[in-house]
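Here are some friendly notes to read alongside the model.

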Amino acid sequence: MNMATLGYSLQHTPTWAIALVSFILISISIILEHLIHLIIQWLRKHRKSDLVEAIERLKSELMILGFMSLLLTVTQDAIIEICIPVRAADTMLPCRKRITNDTAILDSCSAKNASEVALVSRHGIHQLHMFIFVLAVMQIVYSFLTVSLARAKMRHWKAWDEETQTIEYEIANDPNRFRYARQTTFGRRHISTTTASPVFLWIKCFFRQFFHSVEKVDYLTLRHGFISAHFSARNSNFDFQNYIEQSLEEDFRIIVSISPVMWFTVVIFLLVDVHGWHVYLWLSYIPLLLVLIVGAKLEVIVDEMALQMKDVNSVTKGTPLVCPSDEFFWFGHPGFVLTLLHYTLFVNAFELAFFIWVSTQFGINSCHHEHRTFTVIRVVIAVAVQVLCSYVTLPLYALVAQMGSQVKSKALAKILRQWHVEVRERRRKQQKLVKSFSFNHINMSSEWSQENKSAPEFSSGLRENTRSSSEGEIVEELEHAMKTEANSSSHPPPSVV
């Protein structure tokens, strides 16, 4: 190939230009690395270890993308030397090939043989670099957008969890009160004549996921069922909302990862991007269908638990009691739902990343956007799926997934560690308060006794006895208050049955 088409070599490039470009690239890399380090330190300070692991997992995925880009750079000279027949190069094109009278751009293969062309041109490799970059950026944006929307939805559940410690809640859920299962608020919401038919049940649950997918009565009933199934009855003050958040953070590590199957899925999507097939239009419907089916299934699980409660005992005592079980989930495995959500978010991120890459590299008027209606539909569906999955389906999964037969030991262990740290800090503060009270009282008594040295000796002894007894009473009072506070606030952690 003519060297003039490749531009200047580094041998004929000013050293200040080389140093300037290198300095900018190194500076940006150091700033990004320091920013990630600050984020990790902040998360560790706020005891978000699962999110730290998720970021580490995300860094590993970005490292894979960076290695792919580096590998392309190193091997691009060898790739453009691979020659294929022109007939093979004219098959399965993303865009219809335009025939012009302009002089064709020659590569090393066509220069040797007019019937052959390079497997991928140098410019094509550069565009592939840009696609990897856009895919990496979208993976980061989608990951943090997903967890932010999910946590925003679950933040409202904190007030519901705190309500369980009020007297009003205890009165409304009197354990000695008998009611028919249908007459409870949970029963009226989920038990009806239409729920007996699986078809009507799925139709009702399909539409319910769009309007009030998680009501307060659902949260409180599932919370009561979870605590009754996995803990003793005296642990009714278990922080269920915090446990759900820890469980979701644990699942977030899976959401941000990219499995080998998903990488091969990307290859298949790139393979079938053939002009006239409109594959990416049909591809945009896959995440939408998956998220709607998963959301409906999660609502069906709640209804099935309500029906099982009614079948086991038509009369309920106190709070309605549902029985968690893996049998409610597909294949008896709650994690399969997370796999579907993971695949949904990945395909949706890839769809939007591909749209952005095509628009920036080839323009909005490229052949990929020949049908503007199809383009608008794809973008609208991608945004709708992201909001629906992150704000509705993922929080619903975080709640309903706890209705499996097993408890997530890692999330529970993290809550117990937090409980121990809080108790230790509270006791340390109370001990400091006792010591400061004792020290101040001794100083005041000593000053008072020195000012009255002229008093009789028996009066000094009397004052010393009085000081000691008063000090002992104060210290004893504070120690008693400390023990009472510790016993009330630092109740033993929930014991798994």
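**Notes on the cysteines, salt bridges and surface patches**

1. C109 is buried, at a relative accessible area of 1% (buried means under 20% relative accessible area, exposed over 50%, partly exposed in between, with a 1.4 Å probe and protein chains only). Please keep in mind that this is a predicted model, in which local features need pLDDT of at least 70 and side-chain atom pairs count only at pLDDT 80 or more, while totals for chains, interfaces and linings use all residues. Residues are numbered from 1 along each chain as its sequence is written, and side-chain values use heavy atoms, with hydrogens and water left out.

2. The partner of C109 is C83, and the disulfide between them has an S to S distance of 1.9 Å (a disulfide is a pair of cysteine sulfur atoms within 2.5 Å). C83 belongs to strand β1 (residues 83-85) and C109 to helix α4 (residues 108-112), so the bond ties together parts that are 26 residues apart in sequence. Helices (H or I, at least four residues) and strands (E, at least two) are DSSP runs, numbered from the N terminus. The torsion about the S-S bond of C83 and C109 is about -85°, so this disulfide is left-handed. C83 counts as partly exposed, at 32% relative accessibility.

3. How many disulfides does the count come to? The answer is two disulfides, and C95 to C367 is one of them, with S to S at 1.3 Å. C95 sits in the loop between α3 (86-89) and α4, and C367 in the loop between α15 (335-362) and α16 (372-400), so the pair ties together parts that are 272 residues apart in sequence. C95 is partly exposed at 27% relative accessibility, whereas C367 is buried at 18%. With bonded cysteines counted along the chain, the disulfides follow the pattern 1-3, 2-4.

4. Two further cysteines deserve a glance. C205 counts as buried at 0% relative accessibility, and C389 is buried with a relative accessible area of 0%.

5. On to the charged pairs. Side chains of opposite charge can pair when their charged atoms come close. In this model the count comes to nine salt bridges, the rule being a side-chain nitrogen of Lys or Arg within 4 Å of a carboxyl oxygen of Asp or Glu. One of them joins R122 and D77, whose closest N and O atoms are 3.3 Å apart. This pair links distant parts of the chain, with R122 in helix α5 (residues 122-154) and D77 in helix α2 (residues 49-79), 45 residues apart. R122 is partly exposed at 31% relative accessibility, and D77 is partly exposed at 44%.

6. Helix α5 also holds R151, which pairs with E245 of helix α11 (residues 240-255), 94 residues apart. The closest N and O atoms of the salt bridge between E245 and R151 are 3.9 Å apart. E245 is buried, with 14% relative accessible area.

7. Which residue meets D218 in a salt bridge? The partner is R189, at 2.7 Å from N to O. D218 lies in helix α10 (residues 216-230) and R189 in helix α8 (residues 185-190), so the pair ties together parts that are 29 residues apart in sequence. D218 is buried at 3% relative accessibility, while R189 is partly exposed at 22%. Elsewhere, K204, R208, E299 and D303 are linked in a network of salt bridges.

8. Now the surface. W16, L20, F23, I24, I28, L32, L35 and I39 make a nonpolar patch of about 830 Å². Patches are made of residues with over 30% relative accessible area and no salt bridge, with like charges joined within 9 Å and nonpolar side chains (Val, Leu, Ile, Met, Phe, Trp, Tyr) within 5 Å. Accessible areas come from the Shrake-Rupley method with a 1.4 Å probe, and for residues only the protein chains shown count as cover. F23, one of the patch residues, lies in helix α1 (residues 15-45) and counts as exposed at 57% relative accessibility.

9. A patch of positive charge gathers R424, R428, K429 and K432 on the surface. Lys and Arg count as positive and Asp and Glu as negative, while His and the chain ends are not counted. R428 is found in helix α17 (residues 409-450), and at 41% relative accessibility R428 counts as partly exposed.

How values were computed. Charge placed at Lys NZ, Arg CZ, Asp CG, Glu CD.
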